[in-house]
Amino acid sequence: MSTAGEHHDHDRDAWLREGLLGAHPPAGEWDRPGADPGAARVSISFAPDGGTEHRVRVPAGVTVFDAASWNGIAVDSTCGGHGTCKKCRVRVAGDNGAEAPVSRLDPRAFSPDELRAGWRLACLAPANTDIRVEVPPLVTRPKAATVGVGRQVILRPAVQKRCVELAEPTLADQQTDLERLLAALDDLDLRVDLHAVRALPRVLRASEFRVTAVVVDDVLIDVEPGDTTDRRFGIAFDLGTTTVVATLLDLSTGTPQAVGSVLNAQQPFGADVITRISATMLDPDALGRLTERAHATLDELAQEVCHDARVAPAEVYEIALAGNVTMTQLALGIDPEPVGVAPFVMAARSFPGVRAADVGVRVHPGARAYVFPALGAYVGGDIVAGMLASGMDRDRRVRLFIDVGTNCEIVLSDGDRLLATAAPAGPAFEGAAIRCGMRAAPGAIEGVRISDEDVSLQVIGDVEPVGLCGSGLVDVVAALVDAGLVDGTGRLADAVTVRSRLPRLGARLAAVGEERVFVLHRSGEDGDLTRAVYLSQRDIRELQFAKAAITTGWRLLVEEMGLSAGDVQQVLLAGSFGSYLSPAGAVRIGLVPEVSVLRIVSAGNVAGEGAKMALLSMRERAGARTLLEEVRYVELSDRPDFNDRFIDQLAFPT
């Protein structure tokens, strides 16, 4: 008698044997109804906006989202295809004009006219017949902070180059090529890569025994002809859950040569680390696919920055990688499941001996990868890099470091002590749980000002608004609280109140179904809210939950250190979201302590800055190791008072 698991494996194998799938089996699809491997095959023709049409074959009943994901076709999603984010909008048409069935959630995402035109949520649209799917363009380069607060460092990179002239061998001097070279480098105690030994005989004789030895840390990785000492480069990566940033550095001078950013290609698996961990738990093949996507993202950026700076990839001898624990383990091909379930255990705190090739980056074949060590399962290498860059252990002031995101990391320092914790803020700041939410891309409202006369919007790209990103969410709620249109409990005012206080704004209060909304922008004059950008009552609640988690986290750290909120002298807001967050708005909703806005610093991409510092200075790497010993981690999940404290912080300051 076969088990359920054996039956699932059989189904998957059957699909593979019949050629119904590509190289990547579907994530958990054999567990879904209607996905019979013996079912008829259907053809889906994907037509990305502005891209080349691509036809694939899948079993009947498979969703459009999964069919796209298996075949590397980008469809926007932040929930990983579970029907909750309503962002995987596609237009579906059959060969005879028959659309996919309308799901129960489609009417919440589309107007009746759009439904009749074939618009559907891809994750809920089964392919029961041959269809053609129009895919809106996915923003692969959201607005991201590429620089941040940093410190000057003493230039002492791990990558060294030594030009040496060697005596040619004779019958009287038959010393081996390697012994001859190492004797000229006798002040270094070196290990030797096989790649260097393979190149050595040819390079020595082609260059008349004048060569440059390439050393990374204590390893001889290559020998190059002539004098190439002025050409040595490294790439610093900030491997974010949403966005990945790469900076190419000239290691001889310490100057950046090129910088690039791109959306993490793991996006179809969900917007946050929990959904990606869940994917690996539901499907044994998902880990490999997530690792491949991490590698593709890192390598794409590496090739891009090298091209932009006219640097050969083979001249990049080391990379540095700063990422949270889940992103780091996925890039290294390590199962992250233990990180996602209690007691939240990492595979390792640090990863010595990693090569660039191990994370898919095609640079010099012997290039090394410095991976930032992690403090805990939810305070990873990106936060250690951020602490390093911002000098959290080098300042006598009481400083609060907050990296705002789905998982919010918080560090408090008083000059002698360092405390850290992680707070489950949820996806509101990424736009995933917001009705009109989106990433920080062209068309996203990122700033809002409300006056007696009107609402002023700041939109990324200076184009017509199409959604609301995290910084805009904070801004509009803060502005509504200031205007008295949202009370301390988070309740949006009714129409009578709005008209009595700000009569000109009365028309902006509307309803979507049973839910009260505040309209920020309308498309057209017909009054249809389907394509409008608005803030809903539920959106305000989502922000309250995120704010309460973060505020509870830093308040508990302040108390643990025997201080009060008034003792905080500086607040550092880190990460891409923190870079664009209005300090005044953050104070107004109680996200940060009530300090002067001049003491709230948008620290930017401090994780990337820390990665740069690690490439430029071995001393800074030692500093990162020291931070691990100095920081004490405070676990919030096992505190009996956390829930009560969380509830206390839901209200907005009045």
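**Close-up views of a predicted model**

**View 1. Helix H8 and the residue after it.** Arginine 310, with a positive phi near 55°, follows H8. Helices (DSSP runs of H or I, at least four residues) and strands (E, at least two) are numbered from the N terminus. The model is predicted: local features need pLDDT of at least 70, side-chain atom pairs count only at pLDDT 80 or more, and totals for chains, interfaces and linings use all residues. Residues are numbered from 1 along each chain as its sequence is written, and side-chain values use heavy atoms, without hydrogens and water. H8 covers residues 286–309, 24 residues in total, and spans 35 Å from first to last C-alpha, close to the expected 34 Å (1.5 Å times one less than the number of residues).

**View 2. Threonine 297 in helix H8.** Threonine 297 is buried, with a relative accessible area of 1% (buried is under 20%, with a 1.4 Å probe and protein chains only). A polar atom of its side chain lies 2.8 Å from the backbone oxygen of arginine 293. Leaving aside residues up to four places away in sequence, threonine 297 touches Val244, Val262, Leu263, Asn264 and Ala265 (contact: heavy atoms within 4.5 Å).

**View 3. The open sheet S19-S18-S20.** Three strands form this sheet, in that order and with mixed pairing (strands pair if DSSP finds at least two bridges between them). S19 (455–459) and S20 (467–468) are the edge strands, each with a single partner, so one side of each has no neighbour in the sheet. S18 (residues 444–450) runs antiparallel to S19, joined by five bridges; glycine 447 is partnered with glutamine 458 of S19. Helix H12 (residues 470–482) packs on the sheet, touching S18 and S20.

How values were computed. Buried means under 20% relative accessible area, exposed over 50%, partly exposed in between (1.4 Å probe, protein chains only). A polar contact is a pair of N or O atoms within 3.5 Å; within protein, one must be able to donate a hydrogen and the other to accept it, and residues adjacent in sequence count only if both atoms are side-chain atoms. Axes are lines fitted to C-alpha atoms, for helices over the stretch in contact, and angles run from 0 to 180 degrees between N-to-C directions.
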